[in-house]
Amino acid sequence: MTKTKEIATPIKDYTKVIKWENKINSLVKKGKYNYKHLAYFTLGLGTGLQPGILQNLKWEDIKTKESDGEKYQYITIKSSLIIKTKEIPFSEKASQILAKLRESKPNDIYVFQSEKPTLNKIAPWSLSYIGSFLSESAKDSGIIEDGTHVWNLTLRKTYGYFMVTIDKWTIRDLQREFEMRTQELTRQYIGLTDEEVELGKSTRHRIPRKSIERD
């Protein structure tokens with residue numbers, strides 16, 4: 001019998017996300033993980049970027065810009081649907097973690113560079129390693145319940161779920177941000193139930209596109 005492949009699910013309880021993050025912080029201090037692991041978690045949860053994009057992120061892809069006298073950092077990526085570069089801003093907390101990571105790894109090319117080169121070539125973490133790290137740290141934090149499967153796409157789906165249920169994006173907003181074909185596929189992707197859709201309708205409002213596009 002062929003084993004059914006489990007699909008990564010979002011974490012829908014925000015208190016569990018905080019508990020997960022705190023556990024990773026704790027394990028960084030204990031030496032099991034390092035700032036690279038914390039940076040991946042923080043960027044993945046805060047930007048919703050696809051695992052393959054984060055995996056291959058290079059330090060040269062991180063830029064700094066000033067607006068109204070304040071500096072902020074962002075990631076530049078190529079859109080898969082349009083021939084433009086998207087700028088994805090991230091939080092000050094993520095910037096601070098990345099600064100500590102860069103200080104400890106000043107010569108790395110990839111942000112999430114593997115400590116074990118593949119065939120003597122510099123390479124980023126593998127997706128299987130990323131999935132194992134997320135799954136293991138989630139289990140260590142005690143947030144796994146029946147029906148929850150943490151893997152590569154969990155951070156992206158969790159980001160999408162909370163953008164709709166807490167930040168009150170519409171499904172159309174998220175569909176556009178995630179560049180998905182339909183709103184129904186987007187809703188299914190983040191595990192949003194009919195009841196959760198109805199619950200948020202009365203307070204939902206349109207928002208401007210988070211990422212900035214440029215030619």
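## Close-ups of a predicted model

**View 1. The largest pocket and what sits around it.** A total of 20 residues line the largest pocket, and Tyr14, Thr42, Leu45, Gly46 and Tyr159 are the ones nearest its centre. Which elements give two or more residues to this lining? They are α1 (14–29), α2 (35–47), α4 (92–104) and α6 (154–165). Of these, α2 gives the most, with five residues. As for the space inside, the largest pocket holds about 390 Å³. Keep in mind that you're looking at a predicted model here, and in the other views too. How do you find a space like this in the first place? Rolling a probe the size of a water molecule over the atoms shows where empty space is left.

**View 2. The whole chain, for getting your bearings.** Zoom out for a moment and you can pick out nine helices and four strands in the protein. Starting at the N terminus, the elements go α-α-α-β-β-β-α-α-α-α-α-α-β. The protein has 215 residues, and 47% of them are buried. Its accessible surface comes to about 12500 Å², with carbon and sulfur atoms taking 51% of that. Now look at contacts with a separation of 6 or more: residues 24 or more positions apart account for 63% of them.

**View 3. A cluster of aromatic rings.** Tyr33, Tyr40, Phe112, Trp125, Tyr129 and Phe133 form one aromatic cluster. Across the protein, the count of aromatic pairs comes to twelve. Take tryptophan 125 and tyrosine 129: their ring centres are 5.0 Å apart and their planes meet at 55°, so this pair is tilted. The angle falls between the two cut-offs, because planes under 30 degrees apart would count as stacked and planes over 60 as edge-to-face.

View 4. Tyrosine 129 comes out at 36%, so tyrosine 129 is partly exposed. The cut-off that matters for both is 20%, because buried means under that value.

**View 5. Charged side chains over ring faces.** What lies over the face of phenylalanine 178? That's arginine 156, at 3.8 Å from the ring centre. Then there's lysine 157, which lies over the face of tyrosine 189, at 5.0 Å from the ring centre.

Key. Residues numbered from 1 in each chain as written. Predicted model: local features only at pLDDT ≥ 70, side-chain atom pairs only at ≥ 80, totals over all residues. Heavy atoms only, no water. Buried < 20%, exposed > 50% of the residue type's maximum accessible area, 1.4 Å probe, protein only. Contact = heavy atoms within 4.5 Å. Areas by Shrake-Rupley, 256 points an atom, 1.4 Å probe, with all protein chains shown as cover. Phe/Tyr/Trp six-rings, centres within 6.5 Å; stacked < 30°, edge-to-face > 60°. Lys NZ or Arg CZ within 6 Å of the ring centre and 35° of its normal. 1 Å grid on protein atoms, 1.4 Å probe; cavity = no way out; pocket = protein on both sides within 12 Å on 5 of 7 lines; lining within 4 Å. Points joined across faces, edges and corners; volume = space filled by probe spheres on them.
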